Amino acid sequence: MSAQEPDATGWTGHARRWLLKRLPPDKLLPDDQPSYVASWIYVFGMGAIASLVYIVASGLVLSLNGPAWYHVSALGRFVNSTHLWSVELFFLTMVVHLWGKYWMAAWRGGRALTWMTGVIAFLASIGAAFTGYLLQTNLDSQWIAFEAKDALNAVGVGAWFNVADLGQIFTWHIVLLPLAVGAVVALHVVLVRMHGVVPPIDAAETDAQLSGAHGTVLPPAAAGPQESDEALPVPVGSATS
Amino acid sequence: MLGSILSAADPVSAGTFLTWGPISISIGNFVVIVTMLVVFAAALVLPFIPDGSDDERPGA
């Protein structure tokens with residue numbers, strides 16, 4: 001199935017051709033990565049995703065068993081605690097990922113939408129974490145709710161986002177915000193695959209790490225033309241891969 | 001009455017705060033921020049895990 005298939009008709013055919021052109025399977029699931037990815041600063045995005053997977057999995061277990069289980073039983077309290085600590089790890093890795101991408105100006109090379117989806121994922125995650133704190137149903141969560149109440153009213157969303165309404169906050173926390181975070185993170189990852197992993201700033205112009213020029217030693221798998229094109233700051237869709 | 005209020009409040013302690021002039025931060029938040037800074041700096045300077053595929057491609 002080629003991106004150039006001439007017999008693609010109808011909206012499904014056009015959509016398939018558009019998707020194959022923007023995200024061919026070898027870009028979506030590549031066999032190798034550029035050599036510059038072999039750095040610790042490039043692991044934190046995947047660290048955040050791994051944390052998110054555990055957050056969602058443990059959240060499903062908590063929601064299926066209910067508060068009477070996770071507030072009382074030993075196993076429930078343990079799973080509840082790991083849910084909290086995986087959120088701590090999620091934010092830690094996401095913030096380090098954010099710092100790394102900020103200082104390498106990761107919006108270069110037509111990656112502005114990738115950057116913005118990361119921003120939205122961060123903001124949605126803050127909302128999800130906030131509603132999680134409200135669900136502790138203790139004095140701490142009540143204190144947090146009424147500290148935030150005035151701020152939410154001040155920005156005019158208090159009527160739709162009522163921190164004192166436990167049922168509403170439960171829906172935000174276990175349905176709406178997880179769906180939002182999951183969808184935005186999925187889009188973020190797809191955009192990373194479409195445009196390639198952003199190269200370090202000093203590799204952006206000559207791309208020595210990718211092309212193997214200037215005597216740079218790199219594994220043969222990382223020197224392919226696909227990564228070389230992806231790493232250059234070119235407009236979306238102009239890569240020749 | 002007062003006893004029940006105090007017992008309800010017992011699981012939530014006031015916490016310890018560090019204060020520098022107008023800046024006030026809890027120990028917990030301070031530890032997390034310092035940890036992130038240390039991890040970020042370490043990620044920039046520590047060498048990455050050697051690529052195992054180098055062993056299969058002598059001279060690569």
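## A first look at a two-chain predicted model

In the hairpin formed by E1(B) and E2(B), two residues sit between the strands, and Gly21(B) there adopts a positive phi near 60 degrees. Chain A has 11 helices and zero strands, while chain B comes to three helices and two strands.

- Chain B has 60 residues, and buried ones make up 0% of them.
- Leu37(B) belongs to helix H2 of chain B, which covers residues 27-45.
- From Leu37(B) to Phe48(B) is 11 residues in sequence and 18 Å in space, taken C-alpha to C-alpha.

**Chain A: the overall picture**

- Along its sequence, chain A reads α-α-α-α-α-α-α-α-α-α-α.
- Chain A has 241 residues, of which 27% count as buried.
- Of the chain A contacts between residues at least 6 apart in sequence, 67% link residues at least 24 apart.

**Chain A: the nonpolar core**

- The largest nonpolar core contains 21 residues, and Phe90(A), Ala124(A) and Val181(A) have the most contacts inside it.
- Four helices of chain A each give two or more residues to this core: H3 (44-65), H5 (74-103), H6 (112-134) and H8 (166-195).
- H8(A) supplies the largest share of the core, six residues.
- Leaving aside residues up to four places away in sequence, Val181(A) touches Ala121(A), Ala124(A), Ser125(A) and Ala128(A).

**Chain A: helix H3, a helix with a buried face**

- H3(A) has 22 residues, which at 1.5 Å a residue should span 32 Å; its end C-alpha atoms are 31 Å apart, so the two values agree.
- The buried residues of H3(A) are Phe44(A), Gly45(A), Ala48(A), Ser51(A), Leu52(A), Ile55(A), Ser58(A) and Gly59(A).
- Viewed down the axis of H3(A), these buried residues fall within an arc of 150 degrees, so they line one face of the helix.
- The buried residues of H3(A) pack against H5 and H8 of chain A.
- Met46(A), Leu60(A) and Leu64(A) are exposed on the other side of H3(A).
- After H3(A) comes Gly66(A), which has a positive phi near 90 degrees.

**Chain A: loops to look at**

- Most residues other than glycine have a negative phi.
- Ala105(A), not a glycine, has a positive phi near 45 degrees, and you can find Ala105(A) in the loop between H5 and H6 of chain A.
- Ala105(A) is partly exposed, since 14 other C-beta atoms lie within 10 Å.
- Thr137(A), also not a glycine, has a positive phi of about 50 degrees, and its place is the loop between H6 and H7 of chain A.
- Thr137(A) counts as exposed because it has 11 C-beta neighbours inside 10 Å, and the limit for exposed is 12 or fewer.
- Gln136(A) is in the loop between H6 and helix H7 (139-154) of chain A.
- Gln136(A) has 16 C-beta neighbours inside 10 Å and therefore counts as partly exposed.
- The C-alpha atoms of Gln136(A) and Asn153(A) are separated by 22 Å, with the two residues 17 apart along the chain.

**Confidence: where to read with care**

- Chain A has an average pLDDT of 83, and 81% of its residues score at least 70.
- Residues 211-241 of chain A have a pLDDT below 50, and this stretch has 60 contacts in the model beyond near neighbours in sequence.
- Where pLDDT is low, the predicted coordinates should not be read in detail.

Technical notes:
Residues are numbered from 1 along each chain as its sequence is written. Chains are lettered from A and ligands numbered from 1 in the order in which they are written. This is a predicted model: local features need pLDDT of at least 70, side-chain atom pairs count only at pLDDT 80 or more; totals for chains, interfaces and linings use all residues. A nonpolar core is a set of buried Ala, Val, Leu, Ile, Met, Phe, Trp, Tyr and Cys residues joined through C-beta atoms within 7 Å. A residue is buried if 20 or more other C-beta atoms lie within 10 Å of its own, exposed if 12 or fewer, and partly exposed in between; C-beta atoms are placed from the backbone. Two residues are in contact if their C-beta atoms, placed from the backbone, lie within 7 Å. pLDDT is the predictor's confidence in each residue, from 0 to 100. The expected span of a helix is 1.5 Å times one less than its number of residues. The arc is that of the directions from the helix axis to the C-beta atoms. Two strands pair if DSSP finds at least two bridges between them.
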